Amino acid sequence: MAQKQQIKSDRVHQISLKSVLMVPFVVQICAAVGLTGWLSWRNGQEAVNNVANQLRHEIVERIDTQLDRYLALPPKINRANANAIDIGIFDLKDFTKLGKYFWQQMRLFDVGYINFANEKREFIGVERLDNGELRISEILESQGIDRIYTYTTDGKGNRQGLHSVERDEQDVRQEGWYISAVKAGKPTWTPIYQWQNRQVLSVSHSYPLYDRQRQLIGVIGVDYILSQVGQFLQSLKVGQSGKTMIVERSGKIVASSTDAQPFIVTGSEVKRLHATESNDPLLQATAQHLLEKFGSFDNLGREQELEFLLSGERQFVQIRNWKDEYGLNWLIIVVVPESDFLGQIYANNLTTLGLCLLALAIAILCGFLIARWIARPLQQLERASHKMAEGEFGQEIPASNIKEISVLAKAFDRMSAEIQQSRAQLEDYSRSLEQKVEERTNELQKTNKALQAELARAGQVQADLLPKTIPPLPGFELAARCIPAKEVGGDFYDWQLSSPDLFNFTLGDVMGKGMPAALLMTTVRATLHAIDSQSLPPQKIRKIDSTLEPDLVRAESFVTLFQGQLDLAERQLNYVDAGHGHVLIRRADGRLEHLDKGGMPIGILPDQNYQGGSTQLHRGDALLLYSDGLLEVFPPLAKDVNALVEPLKGVDGAADILNRLIGLAPDCISLPDDLTVVVLYCRR
């Protein structure tokens with residue numbers, strides 16, 4: 001009786017075959033579904049992070065590059081104008097000629113205003129209206145220092161008619177662009193401000209002018225309208241709903257990718273908006289998060305990457321500090337919501353989850369119905385599936401008396417064959433793709449080598465155009481070197497001995513660098529060689545200007561030239577400086593003299609009148625000609641030519657002086673611009 005009870009008890013505790021088959025089956029299906037879902041979610045997150053990082057970096061890089069291009073223009077214009085004024089090209093009292101010159105520059109460069117004011121409260125400026133029209137405004141002491149006259153212009157910059165006369169009690173010397181330059185004592189940017197007569201934000205680059213006794217003459221300025229930056233930001237596509245913004249360290253908005261203005265007007269007062277006051281909720285929340293995290297925009301570093309939650313959604317933020325040498329210090333902010341990348345991933349995950357749950361339900365139901373009489377066929381099928389998973393294809397399932405199992409076995413065999421066939425096709429395709437990639441890589445390498453060879457050949461051709469030999473110069477030494485910033489450049493020098501006692505030499509600098517400048521350089525050199533070498537420098541420059549001016553206008557470029565003619569017997573130098581501005585004589589006692597007789601660069605204005613100069617060379621004197629590439633590698637020279645006194649102390653001889661000037665460029669940096677130096681040394 002006890003034995004029967006034990007047998008009965010054992011039977012009660014035994015697990016049925018159906019349960020043995022279903023439990024592992026269900027567990028495997030659940031594990032597979034869970035693992036697949038987890039891997040899908042994790043891979044989706046990694047993909048989102050990678051794409052978000054790439055997008056943020058790309059957008060920030062594009063904005064950084066565009067700011068470099070936009071805001072490098074006003075300082076260059078001011079420096080060119082200051083050089084032209086310094087060498088006497090313009091009479092600052094001749095506002096008619098000065099206004100026409102500013103008008104020509106406004107035609108060439110996309111800025112909002114170019115102006116000049118002096119200590120007498122006199123003012124001359126050219127403004128670009130919203131419709132692109134250019135108008136000249138001036139205040140003259142002779143016309144009443146409290147009245148501003150505005151003139152319309154024709155297609156050549158001449159004053160066409162008086163547009164308006166307005167009373168202006170404000171002293172121009174008390175305006176921000178004038179005060180900032182005087183206070184700094186050097187070129188600088190003003191704080192951002194709004195124009196009085198137009199609802200636009202602007203920033204002005206101001207340049208103070210001093211006479212030789214360091215007495216203030218006046219200030220020149222170039223206004224850049226910041227709406228152009230906003231338009232560029234609006235043109236960028238930052239994902240589906242990402243936003244960009246540029247702010248000052250104070251937090252005030254410079255520009256953003258929204259349509260709204262970065263300021264509000266209340267009556268006659270204009271208030272610039274702080275980043276936390278932006279009308280865009282995403283930008284506003286981003287600014288608020290930055291203040292909470294760092295306390296102030298001043299605490300943000302050079303480059304920041306961070307994330308924060310907004311309404312439970314992750315936001316990717318990229319911050320970069322953009323600043324220049326003249327005082328601008330802005331922050332570029334790019335924010336992209338995670339939902340821009342997760343929409344499709346969420347949809348796919350939901351579809352995958354639904355399909356997995358459906359498959360799981362069907363599998364459980366089928367297992368419940370057939371588990372009790374498919375044990376053996378399922379075991380065979382399981383063993384075959386494991387072998388196929390290990391790469392052993394071609395497994396055959398024995399025939400079964402059960403119709404469904406027989407169909408399943410045939411389907412398994414067919415699936416195995418198709419997978420084996422697909423695997424072979426995939427391997428063939430992979431090999432074919434690798435071969436095509438290798439062939440394309442080889443083609444690109446050949447093309448790149450050909451381009452490099454062409455550039456090297458172009459550089460060699462340009463180098464071959466420079467003089468290779470130094471003519472006999474009794475009592476003088478000559479040395480020269482031209483180092484292009486790229487394979488080819490826009491600097492050149494040339495000389496010729498037109499008679500035993502008459503030596504002609506030239507140093508030229510075409511605006512820009514690289515292949516375009518090199519092509520223009522070749523044209524200038526060819527034109528120079530076509531002119532009679534016996535002509536005086538002013539005559540040569542006038543002929544070159546009349547010949548090249550139409551081509552340079554079409555090319556939107558200009559050329560600076562220094563043309564010298566040395567009488568070897570008398571040691572007298574006749575010269576003309578066409579806007580070059582970088583020619584010195586180092587006297588035997590170490591003093592530096594600046595040769596500045598001439599005119600504006602070739603290609604700026606038609607029918608220019610060039611004034612020639614003359615000087616006498618004595619024993620131990622050295623004539624130094626150099627391009628503005630020397631100013632780039634030796635910045636002190638841009639402020640004061642006497643910065644060369646110390647480097648050249650105790651150095652004599654053309655070759656030694658040349659080597660000392662070239663040596664001012666650090667060996668560890670690449671040249672930012674073409675560097676050319678010519679030295680003529682008087683030995684006796």
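Valine 317 has its bridge partner, valine 335, in strand 16. This pair is a detail of a predicted model, in which the chain contains 15 helices and 27 strands. The chain has 684 residues, of which 46% count as buried. Of the contacts in the chain between residues at least 6 apart in sequence, 60% join residues at least 24 apart.

- An open sheet is formed by 5 strands, which follow the order 11-10-16-15-14 with antiparallel pairing.
- The edge positions belong to strand 11 (253-256) and strand 14 (303-310); each of these has a single partner strand, so one of its sides is left without a neighbour in the sheet.
- From one strand to the next, the twist averages 20 degrees.
- In general, the strands of a sheet pair through backbone hydrogen bonds, and the pairing may be parallel or antiparallel.

**Strand pairs within the sheet**

- Strand 15 (residues 313-323) pairs with strand 16 (residues 329-337) in the antiparallel sense, and 9 bridges connect them.
- Strand 14 and strand 15 also run antiparallel, joined by 8 bridges.
- Glutamate 313, in strand 15, stands opposite leucine 310.
- The hairpin of strand 14 and strand 15 has 2 residues between the strands, and in this hairpin serine 311 adopts a positive phi near 55 degrees.

**Helices lying across the sheet strands**

- Helix 6 (residues 227-235) lies across strand 10 (243-248) and strand 11, and its direction makes an angle of about 40 degrees with strand 11.
- Helix 7 (residues 281-294) lies across strand 10, strand 11, strand 14, strand 15 and strand 16.
- Relative to strand 14, helix 7 runs at about 110 degrees.

**The pair of helix 11 and helix 12**

- Helix 11 (residues 515-529) and helix 12 (residues 537-554) have axes that come within 10 Å of each other and cross at roughly 155 degrees.
- Angles over 145 degrees count as roughly antiparallel, and helix 11 and helix 12 are therefore roughly antiparallel to each other.
- The crossing of these two helices is right-handed.
- Helix 11 contributes Leu520, Thr523, Val524, Thr527 and Leu528 to the contact, while helix 12 contributes Ile544, Thr547, Leu548 and Leu552.
- Classified by residue type, the contact of helix 11 with helix 12 comprises 6 nonpolar and 3 polar residues, with no charged residues.

**Loop residues with positive phi**

- In general, most residues other than glycine have a negative phi.
- Arginine 571, although not a glycine, has a positive phi of about 55 degrees.
- The loop that holds arginine 571 lies between strand 20 (559-567) and strand 21 (572-578).
- Aspartate 607 is located in the loop between strand 24 (598-599) and strand 25 (613-616).
- With a relative accessibility of 76%, aspartate 607 counts as exposed.

Note on methods:
Residues are numbered from 1 along each chain as its sequence is written. This is a predicted model: local features need pLDDT of at least 70, side-chain atom pairs count only at pLDDT 80 or more; totals for chains, interfaces and linings use all residues. Side-chain values use heavy atoms; hydrogens and water are left out. Two strands pair if DSSP finds at least two bridges between them. Helices (H or I, at least four residues) and strands (E, at least two) are DSSP runs, numbered from the N terminus. Axes are lines fitted to C-alpha atoms, for helices over the stretch in contact, and angles run from 0 to 180 degrees between N-to-C directions. Contact means heavy atoms within 4.5 Å. Angles under 35 degrees count as roughly parallel, over 145 as roughly antiparallel, 65 to 115 as roughly perpendicular and the rest as oblique. A crossing is left-handed if the near helix is turned anticlockwise from the far one by less than a right angle, and right-handed if clockwise. Ala, Val, Leu, Ile, Met, Phe, Trp, Tyr, Cys and Pro count as nonpolar, Asp, Glu, Lys and Arg as charged, and the others, Gly among them, as polar. Buried means under 20% relative accessible area, exposed over 50%, partly exposed in between (1.4 Å probe, protein chains only).
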